[in-house]
Every structure is written in structure tokens, then in C-alpha cells.
Amino acid sequence: MSAEIKQVYWRGGSLYVLDQRLLPHRTKYIRCGTPESVAAAIRDMALRGAPLIGGAAAYGFALAAKSLPSDPKRWWPALDRAAKTLKASRPTAVNLMHGVDHMLAAAERLLFRKEIGAVEFYKGLKEEADRFFDEDASWNRRMGELGSKLLKRGSTVITYCNTGALATCGLGTALGVIRTAYKHGKIKHVYACETRPYMQGSRLTLWELMRAGIPSTLITDNMAAHLMATERIDAIFVGSDRIAANADVANKIGTYGLSILARHHGIPFYVVAPSTTVDLRTKHGRLIPIEERSAREVVEIGGRLFAPKGAKARHPAFDVTPSRLVTAIVTERGVVRPPNARTLRKVIAPKP
Ligand code: MRU
């Protein structure tokens with residue numbers, strides 16, 4: 001877990017989740033004592049960001065083992081129910097499915113050991129969730145170093161959505177690279193897009209950047225083109241919720257537009273994501289399920305209506321950037337450049 005921001009913590013058999021809906025004005029934690037309450041926290045956006053959703057879901061699964069039926073034969077159906085509930089909480093970030101599948105495999109291994117007691121089983125799953133969470137944090141550090149190498153000293157970068165400690169189990173993906181590069185003296189300035197309509201950029205990324213003392217400026221999403229045309233922008237860094245086998249990248253709605261602007265202006269467009277974001281079973285980007293959220297989040301800001309009463313609106317929460325618009329994908333296993341089906345597989349699933 002990040003030394004500075006506790007996105008979640010475990011105490012007394014419950015997962016405490018920092019309620020990101022209240023940021024940047026209030027820091028309050030929600031107690032989740034069951035898989036259902038973790039699933040609700042994910043669904044209702046108390047916590048968000050692909051790798052963090054995966055890490056929290058791992059703990060959510062471990063919580064299912066806290067109150068198993070006394071008959072061990074009924075354990076598996078209860079665990080299966082918990083897995084399904086957690087997986088159904090949000091559709092796009094594949095890290096969620098990965099986290100739950102990882103825990104299902106761990107449960108199977110533990111149950112294979114004959115005569116494991118309920119307490120030992122619960123303890124084993126909680127330890128597995130810790131490992132899963134800490135592994136993501138260590139991958140963040142590795143991606144930070146790899147991504148930092150892509151930048152020259154004194155760079156100005158643009159980032160989108162929130163990809164920092166609030167979106168991961170550690171330092172962050174794209175924001176982790178920016179933080180690492182800043183530490184190495186390579187970042188002069190960061191422009192953070194506000195990220196309409198949910199405002200992850202203004203509410204969360206600016207909060208993280210300012211806490212870290214990194215020189216940063218908030219822009220509305222429609223200002224990015226103007227800055228690219230009139231100032232020196234050295235690179236764009238974004239995260240991802242799912243990368244298909246052909247290296248198409250699903251990320252927060254607006255990412256695709258930003259990638260087109262970057263290509264037009266000849267600016268490198270980098271995606272930073274751990275291997276748990278890669279979904280080799282989904283052939284290409286058009287097959288990635290895109291979450292459709294409430295239109296209220298488009299017509300209202302902070303509960304106040306900003307459109308005529310009764311106005312129709314749409315809210316696809318993610319879009320897909322074709323791999324040809326991505327300069328490189330930074331993963332903990334290496335940098336995929338140029339991203340395509342072959343280069344992605346070579347880094348993520350190399351043949352022995
Ligand atoms: O809807 P959100 O806030 O969960 O979306 C988050 C993003 O799109 C991030 O860019 C993505 O999860 C990568 S973050 C490490």
C-alpha cells in the first residue's frame with residue numbers, strides 16, 4: 001500500500017475503504033465486512049480504478065470465508081456466489097475478474113489440502129489477498145522506473161482520469177510513472193485533464209499531485225488540443241481498464257479523443273498498465289464490454305442540474321483506443337513497442 005495514501009486497509013476482519021466520492025473535501029472510510037459490501041463499494045464508486053478494484057475484490061472474496069456454513073460441502077457454493085457477486089459489480093476493468101479468479105484458484109488449492117479447518121482456510125485466503133495486493137504495489141514501482149526512462153529531463157506531460165494511489169494498490173500506473181519521473185528530476189509540469197463527467201482528474205489526480213508537491217495545472221478536457229498546438233507537450237500518460245489481445249486499449253471515456261490529438265500533434269501517447277489489465281481472451285477492442293453509467297452523471301454536477309429538465313443524455317464510461325494510436329504500453333514485464341498482437345504476447349505471455 002502507498003506510504004502516503006491508504007486507499008484501503010484491513011482491521012479486525014473487515015476491509016476499510018476510503019470513500020473516493022467525498023474527495024477532495026473529506027476523507028472518510030467505509031467498513032466492508034462481507035463480499036456483498038465490497039461489491040457495493042465497487043459498484044457505487046466508493047473505490048474505483050482498475051487495479052484497486054481487483055485488489056479490493058481479492059479481499060472481498062477472503063471475507064466470504066469469514067462466515068462459511070458449518071458443513072464444508074456447502075463452502076464451495078458460498079464461495080462461488082461471492083465470486084459471482086464481486087465479478088458483477090463493474091464490467092470493464094478486467095483486473096476485477098482477474099482478482100476474483102486468482103482467489104478462486106487459491107481457495108481450490110487450500111481446499112485440496114485435506115481437513116483444513118474454517119479458521120485456517122479464512123487465514124489462508126486473507127494472506128493470499130495480501131500477496132495479490134502487495135504484488136500490484138511492487139509492479140507499480142517497476143512500471144514507474146520503466147516509464148520514467150521514456151522521458152527526458154524537464155518534460156511537460158498531460159495525464160487523464162486518475163491513475164495514482166487512488167486507482168491502484170500502490171503508487172499508481174500512469175501517475176506512478178509521473179511520480180517516479182518527478183523524483184528523478186524529469187518532470188517540469190503536469191497538466192491533468194478534469195475528466196468529464198465523473199471528474200476523476202480534478203477531484204482525485206489534482207489532489208494526489210498537489211499532496212506530492214508536483215507542479216500541476218488542471219485543464220478542462222477540451223483544452224488539451226489547444227495546449228498541444230501552442231506549447232511544448234512532451235508526452236501523454238494514461239492508464240487502462242482492459243487491453244485486448246491485439247493491444248487495443250479500453251480506458252476512461254475521452255482517452256480515445258486524446259490519443260487522436262496526440263497523433264495529430266506528433267506527441268508520444270503512452271499507456272501504463274500491469275499484466276492483470278491484459279485480457280488475451282478478448283481478441284480486439286470492439287469486444288470489450290463498455291460500462292454504460294447513469295445519464296444523471298452527465299446532466300448533473302454535484303447534484304445540480306446543468307441541462308434542461310428532462311434532457312436525454314448518454315454516459316458510456318469508457319472508450320477504446322486502437323493500438324495503432326498508442327506509442328508504447330508500459331507493463332511490469334517490459335515495454336510493448338509498437339503495441340500489436342505479436343509484441344503484446346511476446347512481453348505478457350512469452351513462449352518458454
Ligand atoms: O471509472 P473509473 O474511475 O474506475 O475509471 C478509472 C480509469 O479509467 C483509469 O484510467 C484506469 O482504471 C486505469 S488506473 C490505474
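This is a predicted model: local features need pLDDT of at least 70, side-chain atom pairs count only at pLDDT 80 or more; totals for chains, interfaces and linings use all residues.
Two packed helices are described by the angle between their axes and the distance between the axes. In this model, helix α5, which covers residues 118-148, packs against helix α6, which covers residues 174-183, at an angle of about 65 degrees, and the two axes lie 8 Å apart. The crossing of α5 and α6 is right-handed. On the side of α5 the contact is made by M143, G144, E145, G147 and S148, while α6 contributes G176, V177, T180, A181 and K183. Grouped by class, the residues in the contact of α5 with α6 comprise 3 nonpolar, 5 polar and 2 charged residues.

Rolling a probe the size of a water molecule over the atoms shows where empty space is left. When the whole structure is searched, 2 cavities of 30 Å³ or more are found, and the largest cavity has a volume of about 180 Å³. This largest cavity is lined by 23 residues, of which R48, G49, A50, N162 and D241 are the closest to its centre. Helix α2 (50-64) and strand β9 (249-252) each supply at least two residues of the lining of the largest cavity, and the largest share, 3 residues, comes from α2. In terms of class, the lining of the largest cavity divides into 10 nonpolar, 9 polar and 4 charged residues. Because both domain 1 (8-141) and domain 2 (145-348) give residues to this lining, the largest cavity lies between the two domains.

The second largest cavity has a volume of about 60 Å³, and its lining is formed by P51, G54, G55, N95, F132, D136, W139, C169 and T276. Helices α2 and α5 each supply at least two residues of the lining of this second largest cavity, in which 4 nonpolar, 4 polar and 1 charged residues are found.

The largest pocket has a volume of about 460 Å³, and it is lined by 15 residues, of which Y198, R203, I301, G302 and G303 lie nearest its centre. Two or more residues of the lining of the largest pocket are given by each of the elements α10 (296-299) and β12 (300-301). The lining of the largest pocket consists of 7 nonpolar, 3 polar and 5 charged residues, and at least three residues are drawn from each of domain 1 (8-141) and domain 2 (145-348).

Technical notes. Residues are numbered from 1 along each chain as its sequence is written. Side-chain values use heavy atoms; hydrogens and water are left out. Axes are lines fitted to C-alpha atoms, for helices over the stretch in contact, and angles run from 0 to 180 degrees between N-to-C directions. Helices (H or I, at least four residues) and strands (E, at least two) are DSSP runs, numbered from the N terminus. A crossing is left-handed if the near helix is turned anticlockwise from the far one by less than a right angle, and right-handed if clockwise. Contact means heavy atoms within 4.5 Å. Ala, Val, Leu, Ile, Met, Phe, Trp, Tyr, Cys and Pro count as nonpolar, Asp, Glu, Lys and Arg as charged, and the others, Gly among them, as polar. On a 1 Å grid over the protein atoms alone, a cavity is a set of points where a 1.4 Å probe fits but cannot get out, and a pocket is an open set with protein on both sides within 12 Å along at least five of seven lines; lining residues have an atom within 4 Å of a point. Grid points are joined across faces, edges and corners, and a volume is the space filled by probe spheres set on the points. Domain bounds come from an automatic or database domain assignment.
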